[in-house]
Amino acid sequence: MKNTKKLHVGLLFGGNSSEHDVSKRSAHNIYDAMDKNKYVVDLFLIAKNGVVLSSQASRKIFDGADENKVVANEMKKIDFSKPLANISNLNSVNDIDVFFPIIHGNLGEDGTIQGLLRLLKKPYVGSGILESAMGFDKDITKQLLTYHGIQNTKYILLTPANYKQWNYAKLSHQLGKLIFLKPANQGSSVGIHQIHNQSEFESGLKDAFKYDYKILAEQAIEGPEEIEISILGNEHPIASQLGAIKVPKQDKFYTYQNKFVDASQVHFEIPVKVSQKLTDRITKMALDAYKVLGLKGMARADFLVSSSGEPYLGEVNTLPGFTNISLYPQLWKASGISYSDLIERLIKLAYQEFDRQSKLRHDFEPLD
Ligand SMILES: Nc1ncnc2c1ncn2[C@@H]1O[C@H](COP(=O)(O)OP(=O)(O)O)[C@@H](O)[C@H]1O
Ligand SMILES: [Mg+2]
């Protein structure tokens, strides 16, 4: 029998975004699907307060222990007078060959964790620092899409410096009567408001500013069909079939409430049948976006399709939900790539990208 060394994978999950619990479920499913003859998996849960728990403590939570209690107990063991105390449990990472950060939203998808992993000089699944940050920022994403001719909705950027020059009448003159306000760097529909008048503009903006200093006032696609597609790869990405999210008619849009609090009324159609022409357009737009943003590993691209059948690229998610009912793996399953095959491919892609980067960059080599 061939004596192959098992690969040590560091599974990073949790984080402080509203998708903390989704991340835990994603990590659980990834862990369960990994072939233990090939992989040794070390777990690192990032608690909501930013403390990275030890593998042993993370495992306890994985096995069903109460997270708050385990975190409280672990906090007592960490010397917070020392620098980098909150990430001190990563001191066991020398054993780890590759990281799989499955942390959705803030601090996970926005380049932060990717920066840490680069400092640790470890390969990791998914996009790099800049590309993650660009893909997370809806303003930067849209600027790049527009520059490269990829259709997306028109918007005006509101900031603390300029928002006083705007009101609902001025915005609607340029964007139409129905407008979306959304923080540039958020997710999970948090801080997003659909507005139709001045008072909704004022209250919506006040709330949106709680999450970011950059707020997009965006042209709305009325009663859109929401279509999603999964992308996989580095330089030569491939695209899955399309899926649709059916939001109940009585809900205004795909909100935090119907995403996470009670998702029982939302239905996924996987795959969804739309015309060949629309399928081709969406696939090309998603692959083009992936390339112009320089994304690596994986991304899910979300589209809004107008009643006249025009596709608008809404956003990209560089570490999308990865539970067994999440769209990203489900779309691949429908396209012939199983959940565990997907994980293997993502790990291979992480290595490929790391090798490519290592040849280009000379991080911390001695100066001569
Ligand atoms: N311009 C728009 N027109 C119509 N619906 C929109 C628009 N922008 C956002 N939405 C609705 O809000 C939801 C969340 O917006 P999105 O930009 O995807 O932010 P998030 O990153 O929070 O998911 C979308 O799934 C859609 O239901
Ligand atoms: Mg979205």
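**View 1. Phe-253 is buried in this predicted model, with a relative accessible area of 14%.** The residue lies in the loop between β9 (238-246) and α9 (256-261). Its partner Phe-180, in strand β5 (residues 179-183), is likewise buried at a relative accessible area of 14%. Both values fall under the 20% limit for a buried residue. The ring centres of Phe-180 and Phe-253 are 5.2 Å apart and the planes stand at 80°, so the pair is edge-to-face. Because Phe-180 belongs to β5 and Phe-253 to the loop between β9 and α9, the contact ties together parts that are 73 residues apart in sequence.

**View 2. Phe-100 and Phe-322 form an edge-to-face aromatic pair.** The distance is 6.0 Å centre to centre, with 90° between the planes. Both Phe-100 and Phe-322 are buried. Phe-100 is part of strand β3 (residues 98-101), while Phe-322 is in the loop between β12 (311-317) and α11 (327-334), so the pair ties together parts that are 222 residues apart in sequence.

**View 3. Ring pairs link five residues into a cluster: Phe-100, Phe-322, Tyr-328, Trp-332 and Tyr-339.** The model has a count of 10 aromatic pairs, among them the edge-to-face pair of Phe-100 and Phe-322.

**View 4. The charged end of Lys-259 sits over the ring of Tyr-254.** The distance from the ring centre of Tyr-254 is 5.1 Å.

**View 5. Lys-36 lies over the face of Tyr-31.** Here Lys-36 is placed at 4.4 Å from the ring centre of Tyr-31.

Conventions: Residues numbered from 1 in each chain as written. Chains lettered and ligands numbered in written order. Predicted model: local features only at pLDDT ≥ 70, side-chain atom pairs only at ≥ 80, totals over all residues. Heavy atoms only, no water. Phe/Tyr/Trp six-rings, centres within 6.5 Å; stacked < 30°, edge-to-face > 60°. Helix = DSSP H or I, 4+ residues; strand = E, 2+ residues; numbered from the N terminus. Buried < 20%, exposed > 50% of the residue type's maximum accessible area, 1.4 Å probe, protein only. Lys NZ or Arg CZ within 6 Å of the ring centre and 35° of its normal.
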